[in-house]
Amino acid sequence: MAFSKPHARQKRIDLAHLGEAGTIAVLVSEGFSASDLTLVASAAERAGYKTSVISLNKSLVAGRSETNEEMNFVVDGAPGDQDPKTFAGLLVPGGKPSIDRLASDQDGRLMLMVFIRANKPVCVMGEAVAFLGEASEKEGVSGDAALALNGQIFAAEGDTAREDAASTFVKAMGMVDAAA
């Protein structure tokens, strides 16, 4: 009789240690992809990171799940008030309405550019990939997800692009923190 290998369990989130590894800035506006946020936040929280929602909105910002359900998130700060030195990295989830608004906002664009110039890991998903290419002044950046690390952009396409970007983003933040 053959036995199948049991499924690997995900590391549990220890709320007592949440944030010990650092904080991830999440740059969003109304209509962002909440699924992108929860994908990265889940992996990051398991590694001891916490998220801080940075938005053009003042108190609450609404995102959309894969099933188009509205999900509201509390805003922790505005783009113009943030110092990248206080964050381990930056996540910009997809969502066309959110990216259109961020791309047309000076503080939103500046925040992304400051993180790139500070060589902080940046993870973008969906429509935010083009926003990253434009802000970093790199041509031909496309895909389902991308990472900006030390002045380089690594974009990926395909069924596992978002999951791969999320796990690589979390690992990159750990390596950057260890090197500092």
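Ser55 is buried, with a relative accessible area of 1%. In this predicted model, the residue lies in strand β3. Beyond its neighbours within four places in sequence, Ser55 is in contact with Val28, Ser29, Val61, Val75, Gly77, Ala78 and Pro79. The side chain of Ser55 also reaches the backbone nitrogen of Asn57, at 3.0 Å. Glu30 is 25 residues away from Ser55 along the chain, and the C-alpha atoms of the two are separated by 8.4 Å.

Strand β3 covers residues 49–55 and pairs with β1 in the parallel sense, over seven bridges. Strand β1 is also parallel to β6 (residues 89–92), to which three bridges join it. In that pairing, Ile24 has Gly89 of β6 as its bridge partner. Strands of a sheet pair through backbone hydrogen bonds, in either the parallel or the antiparallel sense.

Strand β1 spans residues 22–28, and seven of its seven residues are buried, so the strand is largely enclosed by the rest of the structure. In a regular strand the side chains alternate between the two faces of the sheet. In β1, Gly22, Ile24, Val26 and Val28 point one way, while Thr23, Ala25 and Leu27 point the other way; the residues of both sets are all buried.

A further set of strands forms an open sheet, with three members in the order β2-β4-β5 and mixed pairing. Strands β2 (32–33) and β5 (70–74) stand at its edges with a single partner strand each, so one side of each is left without a neighbour in the sheet. Strand β4, made of residues 60–64, runs antiparallel to β5, and five bridges join the two. Among the paired residues, Arg64 has Glu70 of β5 as its bridge partner.

Turning to the helices, α1 covers residues 34–46 and contains Asp36. Asp36 is buried, with a relative accessible area of 3%. When neighbours within four places in sequence are left aside, the contacts of Asp36 are Leu91, Pro93, Gly94, Met125 and Arg162.

Helix α2 is formed by residues 96–103, and Ser98, Ile99 and Leu102 are buried in it. Seen down the axis of α2, the buried residues fall within an arc of 95 degrees, so they line one face of the helix. An α-helix has 3.6 residues a turn, so residues three or four places apart point the same way. The buried residues of α2 pack against strands β1, β2 and β6, and also against helices α3 (106–117) and α4 (128–135).

Taken along its whole length, the protein chain holds five helices and nine strands. Their order in the sequence is β-β-α-β-β-β-β-α-α-β-α-β-β-α. Of the 180 residues in the chain, 44% are buried. Among contacts in the protein chain with a separation of 6 or more, 68% are accounted for by residues 24 or more positions apart. The chain exposes about 9,900 Å², and carbon and sulfur atoms supply 50% of this area.

Key: Residues numbered from 1 in each chain as written. Predicted model: local features only at pLDDT ≥ 70, side-chain atom pairs only at ≥ 80, totals over all residues. Heavy atoms only, no water. Pairing = 2+ DSSP bridges. Helix = DSSP H or I, 4+ residues; strand = E, 2+ residues; numbered from the N terminus. Buried < 20%, exposed > 50% of the residue type's maximum accessible area, 1.4 Å probe, protein only. Contact = heavy atoms within 4.5 Å. Areas by Shrake-Rupley, 256 points an atom, 1.4 Å probe, with all protein chains shown as cover. Arc of directions from axis to C-beta. Polar contact = N/O pair within 3.5 Å; in protein donor to acceptor, adjacent residues only side chain to side chain.
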